[in-house]
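Here are my notes on this one, as numbered points. Have the model open while you read.

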Amino acid sequence: MVRLNPYFAFGSYSFNAVGTTPKSRKDLAEAVQGKLFFAGEATEAAYFGTAHGAFMSGIRAAKEAILNTHVDK
Ligand SMILES: Cc1cc2nc3c(=O)[nH]c(=O)nc-3n(C[C@H](O)[C@H](O)[C@H](O)COP(=O)(O)OP(=O)(O)OC[C@H]3O[C@@H](n4cnc5c(N)ncnc54)[C@H](O)[C@@H]3O)c2cc1C
């Protein structure tokens with residue numbers, strides 16, 4: 001018998017519900033006040049729902065964070 005943890009979904013990924021547009025994902029990815037940055041497959045307009053989309057979103061969010069970090073070098 002397989003025992004399932006009721007609090008663990010065993011993975012998931014987003015999909016485009018009716019009415020979703022590329023802008024929906026762009027909105028989801030939008031940083032808050034240049035201080036809070038979002039990554040994850042759901043924020044990727046072209047490759048959502050995939051591991052490479054998640055990877056690409058991480059690079060994008062990291063670049064945003066670096067560009068918004070004002071540190072004297
Ligand atoms: C069954 C299945 C098969 C798949 N097969 C493929 C495939 O063949 N090829 C492919 O490209 N993609 C596949 N995918 C999709 C791919 O796995 C996902 O798109 C990718 O893992 C998403 O990465 P992510 O970093 O956005 O999110 P996730 O990998 O879901 O990472 C989110 C992390 O946040 C953690 N977290 C959640 N809430 C909190 C919280 N409150 N506090 C702290 N941490 C939290 C979670 O534990 C998780 O570790 C598959 C997905 C599933 C479910």
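1. Let me start with glutamate 44. Leaving aside residues up to four places away in sequence, Glu44 touches Arg25, Gly53, Met56 and Ser57; contact here is C-beta atoms, placed from the backbone, within 7 Å. Glutamate 44 has 24 other C-beta atoms within 10 Å, so it counts as buried (buried is 20 or more other C-beta atoms within 10 Å of the residue's own, exposed is 12 or fewer, partly exposed is in between, with C-beta atoms placed from the backbone). It sits in the loop between α1 and α2. Valine 32 is twelve residues from glutamate 44 in sequence, and their C-alpha atoms are 17 Å apart.

2. A word on what you're looking at. The model is predicted, so local features need pLDDT of at least 70 and side-chain atom pairs count only at pLDDT 80 or more, while totals for chains, interfaces and linings use all residues. Numbering runs from 1 along each chain as its sequence is written.

3. Now the fold as a whole. The protein has two helices and zero strands; these are DSSP runs, H or I of at least four residues for helices and E of at least two for strands, numbered from the N terminus. The radius of gyration is 16 Å, whereas a compact globule of 73 residues would have one near 11 Å (taken over C-alpha atoms, with the globule rule being 2.2 Å times the number of residues to the power 0.38). Along the principal axes, the C-alpha atoms fill a box of roughly 60 × 30 × 20 Å. Of the 73 residues, 10% count as buried.

4. Glutamine 33 is worth a click. Glutamine 33 is exposed, because it has 6 other C-beta atoms within 10 Å.

5. On to threonine 69, in the segment after α2 (51-67). Is threonine 69 buried or exposed? It has 9 C-beta neighbours inside 10 Å, so it counts as exposed. Alanine 39 is 30 residues from threonine 69 in sequence and 17 Å from it in space, C-alpha to C-alpha.

6. Last, the ligand. The residues around it include Gly11, Ser12, Tyr13, Glu41 and His52, where near means a C-beta atom, placed from the backbone, within 6 Å. By class, this shell has three nonpolar, six polar and one charged residues (Ala, Val, Leu, Ile, Met, Phe, Trp, Tyr, Cys and Pro count as nonpolar, Asp, Glu, Lys and Arg as charged, and the others, Gly among them, as polar).

Terms used. Two residues are in contact if their C-beta atoms, placed from the backbone, lie within 7 Å.
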